[in-house]
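Thanks for making the time this morning. I would like to talk through one model, slowly, and then leave it on the screen for discussion.

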Amino acid sequence: MADITQPIAGTAPRRSDPATKRRRLRAGGAGKQQNGGPIAYAFLILATLLSLFPLYWTVVAASRTDTELVTPPTPLLPGSHLIDNLKIVWDQVDMTKALINSTIVAGCVALSTVLFATLAGFAFAKLQFRGRNALLTVVVTTMTIPPQLTVIPLYQIVSNIGWVGHIQSVILPSLVAAFGVFFMRQFLSEALPVELIEAARVDGAHSLRIIWHVVFPIARPAMAVLGMLVFVQSWNDFFWPFIALNQQNPTVQVALQGLGSGDHTINHAVVVCGALVATLPLLLVFAVLGKQIVGGITAGAVKS
Amino acid sequence: MATSVRATSDGSPRSSRTAPRLSGDPGPPAGWRAKLFRLDTKASPYVYIAPFFLCFAAFGLFPLIYTGWLSFNEVQLGTHATWVGARNYRELWDNSFFWGALRNTFTLGVISTVPQLLMALGLAHLLNYKLRARGFFRVAILAPYATSIAAATLVFVQLFNPDYGMINQLLGHVGIGHVQWSSSKWPAQIAISAIVTWRWTGYNALIYLAAMQAVPADLYEAAALDGASRWRQFISVTIPSIRPTIFFTIIVSTIGATQLFGEPLMFGGTVGYSGGTDHQYQTLSLYMYDKGWQIGELGQASAVAWVMLLILLLIGAVQLLVMRANRRKLGG
């Protein structure tokens, strides 16, 4: 596990001058000079259809009645019952509360992760201190620990202090993630010139000033991307919220689970409608910022 | 890089005193200021990384170890733990549901990661061609990543419904009759894998794509001069060059597959806790939840969690060995 950082680092260009890198990226790659043939387009269009169809069909099913949905042939065009279904969703689960809770949780987690990950990422990327490499290895290794190994004691603690069903029990354990630290470290080791820090030091700036006036301005684009990624992750998180919360005070995902298996008779169109409500906010974000998110995902995994 | 950083952190207090362009300044009035400055440079890195490590200690390391201790105890929620030695593990060993869950986790892991990563590799290769609407394709294949486990599963449950689902209708057109996507074991596992694959293929494809774009073009030019076909280039230039990234995705996907929980839970609807009526797709994670929160035996649930840890360590060790061997063989 300790080796994870090195091989990734190995794939990146040695020179970190951004202009050179951009040129290399444009020049490099298997097919960059080769035009994609019709077969390439055919497969890509197929992949696009497979990716987007379930999303499209979510809208279709969410706007149909239960009867229409369970009578073959399955409808392929949107119907007229979206509003009715939405009403039933709100009747069956407390979706307003769920949306507010999810926004608060994902917002807090994203903000605090970005802040702490930038600080730690900066330290790992640009500062020299004893144990730096060993500690970075620890950070990367912690990414491999599944939540299943921590939820039992966490649940005991949370229920001892009466936090079951309260959203702080979901926020606190996620205040900073190893992924974020690693992500910011990767970005800052390329984007932040050592000379800038040196110059600030020579001018007598203490480290908080350096953080505020040098690190944050340079890290801002990466902080924005990381914030989005963490927000998406947190919004979609299921395992721990499902254990720590309940239907009286759910996040959107927990409410969805209730919708799909609750005591009420299951109306399939309504269930899918709930899935639509849970997904729509993120799809809107994707539609607007898809390019940045694509860039962020690839940057986090590959850049050195 | 390392040397220049060291020069900064050790040399700056001195240079601030001697730097000629600062000669107009009064300079640090006394030694304490320089001392403070040095303390600042020495201590601040630890201050910056402290939040992460404090958070990890409290919500990661401590619960991890405590789970290990609980696994040797009999404990319910709100009761005191009683030491029972290895009894929880012995009970797991004798429990056929545990072995079933272990097998399901393994088979679900294989059929949800292997096709996924192979398809991602192929997609990345195609996206690396010069294409019209390249940006659109990239965002489109990533779109499933924006959906949650819960939402995606609820939609796929409809598509995979044996009686009225669209997938059985389509299969009916090509002469494949009525597949029982939930009650029979392999179809159910394939359906669950389809959800995982749908959500993650595009994500992995983009990671591969980024790695492919960092492969120097001259490697391909040299291969083309040697008369290597496109397929040959893909096998002998692209794959070896992005090997580290492939290992990275394998590790991440394997970890993800080991903890599969939400998909089988919600795929089963009201019988989700047990992984289907016949436990046919109960994963270790579901089994742990069943033990801990349905039956209330936190000690036994902890033992399941630690079995998962052991499995992950085992997988990690195997992957490390394979990676080392591979690197030696290819001289990378």
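Let me begin with a question about one helix pair: is the crossing of H10(A) and H12(A) left-handed or right-handed? Please keep in mind throughout that what you see is a predicted model. The crossing of these two helices, H10(A) and H12(A), is right-handed. In terms of geometry, helix H10 of chain A covers residues 178-191 and helix H12 of chain A covers residues 207-236, and their axes come within 10 Å and cross at roughly 155 degrees. Since angles over 145 degrees count as roughly antiparallel, H10(A) and H12(A) are therefore roughly antiparallel to each other.

As for the residues that meet there, H10(A) brings Gly180(A), Phe183(A), Met184(A), Phe187(A), Leu188(A) and Ala191(A), while H12(A) brings Ile218(A), Ala219(A), Ala222(A), Leu226(A) and Val230(A). Sorted by class, this contact of H10(A) with H12(A) has 10 nonpolar residues, 1 polar residue and no charged ones.

Next, the annotations, which I take from the record. In an unreviewed entry, UniProt gives "transmembrane region" for residues 39-59, 99-122, 134-155, 161-183, 210-232 and 266-289 of chain A. Looking at what the model does over two of these, residues 39-59 of chain A are 100% helix and 0% strand, with end C-alpha atoms 30 Å apart, and residues 210-232 of chain A are likewise 100% helix and 0% strand, their end C-alpha atoms lying 30 Å apart.

For chain B, the unreviewed UniProt entry lists "transmembrane region" at residues 46-66, 106-127, 139-160, 245-262 and 303-322. Residues 46-66 of chain B are 100% helix and 0% strand, and the end C-alpha atoms of that stretch are 26 Å apart. Residues 245-262 of chain B, on the other hand, are 83% helix and 0% strand, with 27 Å between the end C-alpha atoms.

Staying with chain B, the domain assignment gives domain 1 as 2-70 and domain 2 as 96-330, and the centres of these two domains of chain B, taken over C-alpha atoms, are separated by 42 Å.

Finally, the interface. How many residues of chain B are in contact with chain A? There are 105 of them, and they are in contact with 98 residues of chain A. Helix H2 of chain B, residues 31-70, supplies the largest share of the side of chain B that touches chain A, namely 18 residues. By class, that side of chain B has 69 nonpolar, 32 polar and 4 charged residues.

Definitions and conventions: Residues numbered from 1 in each chain as written. Chains lettered and ligands numbered in written order. Predicted model: local features only at pLDDT ≥ 70, side-chain atom pairs only at ≥ 80, totals over all residues. Contact = placed C-beta atoms within 7 Å. Helix = DSSP H or I, 4+ residues; strand = E, 2+ residues; numbered from the N terminus. Nonpolar A, V, L, I, M, F, W, Y, C, P; charged D, E, K, R; others polar. UniProt positions renumbered as here; feature names shortened; annotations may be inferred. Domains from an automatic or database assignment. Axes fitted to C-alpha atoms, helices over the stretch in contact; angles between N-to-C directions. Parallel < 35°, antiparallel > 145°, perpendicular 65-115°, else oblique. Left-handed = near helix turned anticlockwise from the far one by under 90°.
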